[in-house]
Structure formats: structure tokens, C-alpha cells
Amino acid sequence: MAPTVSTAHKDLLVVQNLKTYFPVRSGVFQRVSAWVKAVDDVSFTVREGETFGLVGESGCGKTTVSRSILRLIPTQGGSVFFDGQEVFRLRSQELKALRRHMQIVFQDPYSSLDPRMPVGDIIAESLLIHGVKNRSERNAAVQEMLAKVGLNPYHAHRYPHEFSGGQRQRIGIARALALNPRFIVCDEPVSALDVSIQSQILNLLKDLQREYGFSYLFVAHDLSVVEHISDRVGVMYLGKLVEMAPRESLFVEPLHPYTRALMSAIPVPDPRRRRERIVLKGEVPSPLNPPSGCRFHPRCPIAQELCGKVEPAFTEKRPGHWVACHLV
């Protein structure tokens, strides 16, 4: 069952039953012999002005979800609606117009910037593509964006290799902001940065959201970062959502055994406090051949016979709190 949310807040982005598979080819003729089910039947919404956090172990499908939404990679099923428009059915010119409102900040702030272009041209490029032909207008917009992210006007003439990692990520954010979007995907935007720089970038993202009112899909594996910035959180495991809830509800009382295990691994800054650590046994199964029933059951400390036979439905156990587990 696909989750729904209260109509008190308008849903800007609606993802329904999203499926993204990657072919495995073998033999002389490179025929498709199997499919890697990176994202398998994922549904959620992002409301206007909110930050939706998407967390899980490496390889669970978080980044694939975000790039599928933006049509950066092809999908095998499902649909995505942005402000009522079905993204997967848009033709090239319609999609180009929509990209003004949907932007992305990539994980690696260096590889996402063209090393042969000065920073000003990198930020202005999207403006030129979307019809801002006047050079002075583009330059003014570049200066405004640099100031918004805490950089100086003369930085527009420098190249990416002349900046630190945190400054490069600020440039990536400025590029995403240039078209005044309504929705921004943040694909692990602070995971490659030092801890001291992470807090600066997170606070910058929150300040910009308060000023412009756009929505974030914030992809991360660091739960403390997600707790700091998100309004609602979805937890993924092996290509599926296993839990989704408001931040306070999820971090105070997680319901799914996998989420509880993740929460137990968060470091506690007070040495006098003790947290019972839940250590999961075994390795994450391959998305090439996922387990039957609940995908988490081979590692679940409370699994029963039913869990290996029947896939649990994603149901609302509490208001706004969705879980896929037979035993909750």
C-alpha cells in the first residue's frame, strides 16, 4: 500500500511505486541474464518547504532513488509527480522547463565541477541554457549566488582546484540555486567534508531554505546529520522503504528492527550515558537475488517463520508513522 499524507500541507513531489533495475549482461552476445533491483516499489511524498531525509546503509538504493526522480537514470516502473506534472511522461522541451524547478547538489564537490571552467561560468551556465542571454544579468546573478553561499565576488574568476572541499560544495549549492528552484536533491552533500565544515554547510542549507522556501530530498547515511536537518525521514533497506515517520517520532521511538539497529549505532556525546548496541549478524544480501518475504529477515534479531515467506505491507501503524514489519 502506498503511503499518503495529510492534505494540510501541499505535496510538491509524489513518488509512487518507483522501480529502478540495472541489467546484468553475460555471454558472447551480452544478453541480459539478471536484474539488480536497486529500487523496488518505493513510495513517498515531499511537501512544500520541508526536508525529507532518506537514510540507510551504503548500497540500499538512496542515491538511485534521487537520480531516478530527476530522470538522470532510466526506471522500470512507477511514477513521479512534481506539482501535478508526471515527470516520466514529459518530452524533452517540457522536461527542460521542469529542470528549472528541480536541481541537485552532488556528493563529490570536486568531480561535479568542470575543472576547465571558472566558477562564475559554472554557475552562469544553467542561466544561459534556460534563456538568460544578457551577460550582465548573468554576472549579477552569479555575484548574488556567491554572496548567498558565503563566497566573495572575486571567486567567480577562480577555478575549482583553487578552493577547499567546503568552498567547492558552496559553489555546487550556488549552481543549484541559480535558477531559483522549488526542489533540491542533496545527495550526501556533506559526507566528503570535514566535521567542522559539515556543520557550516548544513546550517547554510537550512538558512537558504528559510529564505527561499524550497524543499529538500536529503540523502545521507549519517543519522545525526539527518536528525539535524530533516522534518520527516524514510529508512531504506535493500531497495525498499522499511520505515517512514516524522523526525521526532522516528528518533524517539523507532519501530522497525532495522531502524532500531541503526539508531543504536549513533555515538552518544556524553560518556556517562550508555546505549545498548544492536549488532546485526551477517552481510547485506545481494539485490541480484533478494531474500523472499521480508528482505531484512536473514539479519533480523526477532524474525519468525512468517517473515521469510510473506513480504510485509508498508502500513501506517501510527499517524504519519509507516512501517513494513509483521511483528510491529
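**View 1. Strands β4 and β5 pair in this predicted model.** Strand β4 (residues 77-82) and β5 run antiparallel and are joined by two bridges. Opposite F81 stands E86 of β5. Helix α1 packs on the sheet and touches β1 (11-26), β2 and β4. The direction of α1 makes about 110° with that of β1.

**View 2. Four strands form an open sheet with antiparallel pairing.** The strand order is β2-β1-β4-β5. At the edges stand β2 (31-47) and β5 (85-86). Each has a single partner strand, so one side of β2 and one side of β5 lack a neighbour in the sheet.

**View 3. Helix α1 is largely enclosed by the rest of the structure.** The helix spans residues 62-69. Why is α1 described as largely enclosed? Six of its eight residues are buried, that is, under 20% relative accessible area. The buried residues are K62, T64, V65, S66, S68 and I69. Just after α1, R71 takes a positive phi of about 60°.

**View 4. Eight strands make up an open sheet with mixed pairing.** The order reads β6-β7-β8-β3-β9-β10-β12-β11. The edge strands are β6 and β11 (315-318). Each of these has a single partner strand, so one side of each is left without a neighbour in the sheet. On average, neighbouring strands of this sheet are turned by 25° against each other, direction ignored.

**View 5. Helices α1 and α9 lie across strands.** Helix α9 (residues 257-264) lies across β9 and β10. Its angle to β9 is about 105°.

**View 6. Strands β9 and β10 run antiparallel.** Six bridges join β9 (residues 232-237) to β10 (residues 240-246).

**View 7. The largest pocket has a volume of about 430 Å³.** Its lining holds 16 residues. Which of them lie nearest the centre of the pocket? They are R99, M102, Q103, I104 and S126. The elements giving two or more residues to the lining are β6 (102-105), α3 (119-129) and α5 (165-177). The largest share, four residues, comes from α3. By type, the lining residues divide into nine nonpolar, three polar and four charged.

Notes:
Residues numbered from 1 in each chain as written. Predicted model: local features only at pLDDT ≥ 70, side-chain atom pairs only at ≥ 80, totals over all residues. Heavy atoms only, no water. 1 Å grid on protein atoms, 1.4 Å probe; cavity = no way out; pocket = protein on both sides within 12 Å on 5 of 7 lines; lining within 4 Å. Points joined across faces, edges and corners; volume = space filled by probe spheres on them. Nonpolar A, V, L, I, M, F, W, Y, C, P; charged D, E, K, R; others polar. Buried < 20%, exposed > 50% of the residue type's maximum accessible area, 1.4 Å probe, protein only. Pairing = 2+ DSSP bridges. Axes fitted to C-alpha atoms, helices over the stretch in contact; angles between N-to-C directions. Contact = heavy atoms within 4.5 Å.
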